[in-house]
Structures are given as structure tokens and as C-alpha cells.
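Dear colleague,

I would be grateful if you could read the notes with the coordinates open.

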Amino acid sequence: MRNCSGPASLVEAVDLLRRGELVAIPTETVYGLAANAWDAQAVRKIFAVKGRPAHNPLIVHIASADQFDRVARLPANGGLRERFEAACDLWPGPLTLVLPKADRIPDIVTAGGPTVAIRIPDHPLALDLLRRCPFPLAAPSANRSNYISPTTAQHCRDGLGADVAMVLDGGPCAGGVESTIVNLAADPPQILRPGLISAEQLSQRLRCPVKLAAATPAGHPHAEKPLAAPGMLPVHYAPHTPLRLLQAGEPPTELRPAGRIAFAPLDATAQAPYAVVRVLSSTGNLHEVARGLFAALRELDDAGLAAIDCDGCPAEGVGAAIMDRLRRAATRR
Ligand code: TXA
Ligand code: MG
């Protein structure tokens, strides 16, 4: 496995991808585990390395909106075309659009479904790589299934080891939580996974109401194939250490040693019960919280703690994405 970031690495990355190998790539949200989306054999490796169930479809990345027809199929005009063009204004960015799939995309990418998830990541290295690739890149988050998404190249190496040919190092991800997924094929459009682009932003851009889809009922172990969005299953990317979402005024966990993830600075009394405290923002800024959240969860999960207490926030704007991830992480397996 190699770890690289310069132009020579990009040439090598394209070459590896062309030969059907996997390359971990930075994006503005989280790192992705990329393969040539037109190559079913290469995409099969993604599922194998992640331990990802075949019924969970992948997101396909392109370099520019005019490449959409490499991946998706759209009518020349009408509501869907208009919604797509309006949503495109938010690209490159942390927004994934679900559209009818192009024939050229192998079934394995979409888990046999008729739709495909597609996005343009807002990261210079990812965009440079995508422009050099004569094919789109299927890339789920570069973690083993059910663990926390990686936000640094080191997280990718820790999780995937020798199973990935190369990790392109684009530094720590600026966003920190996975993209917002919106199903544009539905009328009105539905958010399948909240992210840094909020429902309010989408409603404004698309000039129609955009609602969050209902979560898969708790305890429902296997949805039909393919899942509407497995990101909606109650348990997802959880740390191994039990995680508790602290309600306002709630006392600290009684388990020891314990860790605490705080969204803003804590006074000495609040810190005292904890062996490790990570403060994600000096002002409680939720964009900073999102940026640091997964790294803090990984760090505390590796710290040999009996339990982790974590702050919460109102589930609005970026807070909706943060609380979505934390509720899943706090669900006991
Ligand atoms: O920010 C992101 O979206 C990152 C970076 C690497 O782009 N990718 C990511 O991929 O989070 P992944 O595989 O971890 O999550 C993809 C989500 C899954 O919940 C999957 O079910 C959903 O996208 N998805 C993929 N194709 C879909 C489709 N056709 N319809 C509905 N949901 C789909
Ligand atoms: Mg993932």
C-alpha cells in the first residue's frame, strides 16, 4: 500500500484504477474507496474489502455536471430535468443526487436497482483525479462496513491496511460527515441521508418542499433489496465502545474509565469524571463539530475506555446530520 499526494501519485492512481485496483481518495466529506464504476470486477473488490452487503448500493463520483450521462439517464425536459439542473448549482459539494441509472453502470453498483447515486466532490485532489480518469469512480466511504467513516488518510490505512493499493492523501476532510443524499426521482424530492447541505437549502434551490425520508424502523434487520438508503438503518458506523448521547442536565456515565466528546469547552467540574475529554469547538460551532466528530470517535474508541458520553445539538441545519450520525452510533448492536 502506498500513501501519496503529488502529481506523480495522481498518474499512478489513474493507472491503478484503470487496471481495476482500488484507491482511497480524499473528498470534502469523508475519504472514499474508489474503483472504476464501469468495471464490475473492480467494483466487486470494493464490496469484498469493505465487507459490504451486496444490497447496499454505491455513490458514483464524476468531475463535472456535463459528465452525468456517464452514470445517469435524464429526460430532455420536464420536472426531473429541471430539478437536476437546479441541484447542480450546489456541485461540487456535499450533495448526492439519486437519478435513473444509465445502462452503462453495472448492476452491482446500484445493488440491482433502477436508480444511481451520483455526486461531484469539492476537493482539489479528487477533482484532479476525476478529470484524469476516462471513467466515473464508484466510491463508498473508505471504512470497513459498520465502522466510522475515515476523515484522514491515516484512518484509511488503519482500517483497510494492505487491502487498498494506494491512499491519496488530501489532508483532513473539511466537512467531516457524509454527503446529503436526495432522491430527485421522487416527487417531491426526499432526503435519504442528512448531510452538510440542509433540507432548507435544498428546498430553496429546488423551489419545492424537500422532506427527510422516514428512518427504517428500529429492529428491522434486513430491508428488501436494494435498500432505499441503508444510511437510514438504525445501526450504522458505530464505535465498539458504548456511546451515550447526553441529554441536557444528565449526569455522567457511571462506567470507568470514561471519555467525553464535548461540542464546546467544559468547566473543571464537568471534566472531572472523565479520563479523556475532546472539545470539538471553542465556540460550539456545529461545522467545526462535524469536522472533528469522526476523528474524535475513533480516537476515544481506541483509548481503552468503558464508555463514551457525547454532547448533542438541535437537529437543524448541519445539526441534523450530526444528530443522525450520533443516534446511529449510540444504538447498541
Ligand atoms: O460523502 C459521501 O457521500 C461519501 C464520499 C466518499 O463521497 N460517500 C459515502 O458513501 O458516504 P457510502 O457508501 O458510505 O454511503 C452511500 C449511501 C448508502 O447509504 C447507500 O445506501 C446510498 O448512499 N445509496 C447509494 N445508491 C443509492 C441509490 N440508488 N438510492 C438510494 N440510496 C443510495
Ligand atoms: Mg459509508
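Arg207 is exposed, because its relative accessibility of 75% lies over the 50% cut-off. Please bear in mind here and throughout that this is a predicted model. Arg207 belongs to the loop between α7 (199-206) and β11 (211-212). Its phi is positive, at about 55°, although the residue is not a glycine. Most residues other than glycine have a negative phi.

Ala111 likewise has a positive phi of about 55° without being a glycine. Its place is the loop between α4 (107-110) and β6 (115-119). Is Ala111 buried or exposed? With a relative accessibility of 16%, Ala111 counts as buried, since the cut-off for that class is under 20%.

Most peptide bonds are trans. Pro257 is found in the loop between β12 (243-245) and β13 (258-262).

The structure holds two aromatic pairs. In one of them, the ring centres of Phe68 and Phe84 are 5.0 Å apart and the ring planes stand at 55°, so the pair is tilted; this angle falls between the limits of 30 degrees for stacked and 60 for edge-to-face. The pair links distant parts of the chain, for Phe68 lies in the loop between β4 (59-61) and α3 (79-88) whereas Phe84 lies in helix α3, 16 residues apart. In the other pair, Phe84 and Trp91 have their ring centres 6.0 Å apart and their planes at 80°, so the arrangement is edge-to-face. As for accessibility, Phe68 is buried at 12%, Phe84 is buried at 3% and Trp91 is buried at 9%.

Arg104 lies over the face of Trp38, at 3.4 Å from the ring centre.

Helix α3, to which Phe84 belongs, is mostly covered, with seven of its ten residues buried. Which residues of α3 are buried? They are Leu80, Arg81, Arg83, Phe84, Ala86, Ala87 and Cys88. The elements that cover them include β5 and α7.

I turn next to the packing of α1 and α5. Two packed helices are described by the angle between their axes and the distance between the axes. Helix α1 (residues 7-18) and helix α5 (residues 124-132) pack at an angle of about 50°, and their axes are 10 Å apart. That angle makes α1 oblique to α5. The crossing of α1 past α5 is right-handed. On the α1 side, the residues that meet α5 are Pro7, Leu10, Val11, Ala13, Val14 and Leu17. An α-helix has 3.6 residues a turn, so residues three or four places apart point the same way. On the α5 side, the residues that take part are Leu125, Asp128, Leu129 and Arg132.

Helix α5 has partners beyond α1. Its buried residues are Leu125, Ala126, Leu127, Leu129 and Leu130. These residues pack against α1, β2 (23-25), β4, β7 (137-138) and β8 (166-168).

Finally, Asp324 is found in helix α10 (residues 318-330). It is buried, with a relative accessible area of 10%. Which residues does Asp324 contact, leaving aside its neighbours within four places in sequence? Its contacts are Pro194 and Tyr237. Asp324 and Pro194 are 130 residues apart in sequence, yet their C-alpha atoms are 7.2 Å apart in space.

With kind regards

Technical notes:
Residues numbered from 1 in each chain as written. Chains lettered and ligands numbered in written order. Predicted model: local features only at pLDDT ≥ 70, side-chain atom pairs only at ≥ 80, totals over all residues. Heavy atoms only, no water. Phe/Tyr/Trp six-rings, centres within 6.5 Å; stacked < 30°, edge-to-face > 60°. Helix = DSSP H or I, 4+ residues; strand = E, 2+ residues; numbered from the N terminus. Buried < 20%, exposed > 50% of the residue type's maximum accessible area, 1.4 Å probe, protein only. Lys NZ or Arg CZ within 6 Å of the ring centre and 35° of its normal. Axes fitted to C-alpha atoms, helices over the stretch in contact; angles between N-to-C directions. Parallel < 35°, antiparallel > 145°, perpendicular 65-115°, else oblique. Left-handed = near helix turned anticlockwise from the far one by under 90°. Contact = heavy atoms within 4.5 Å.
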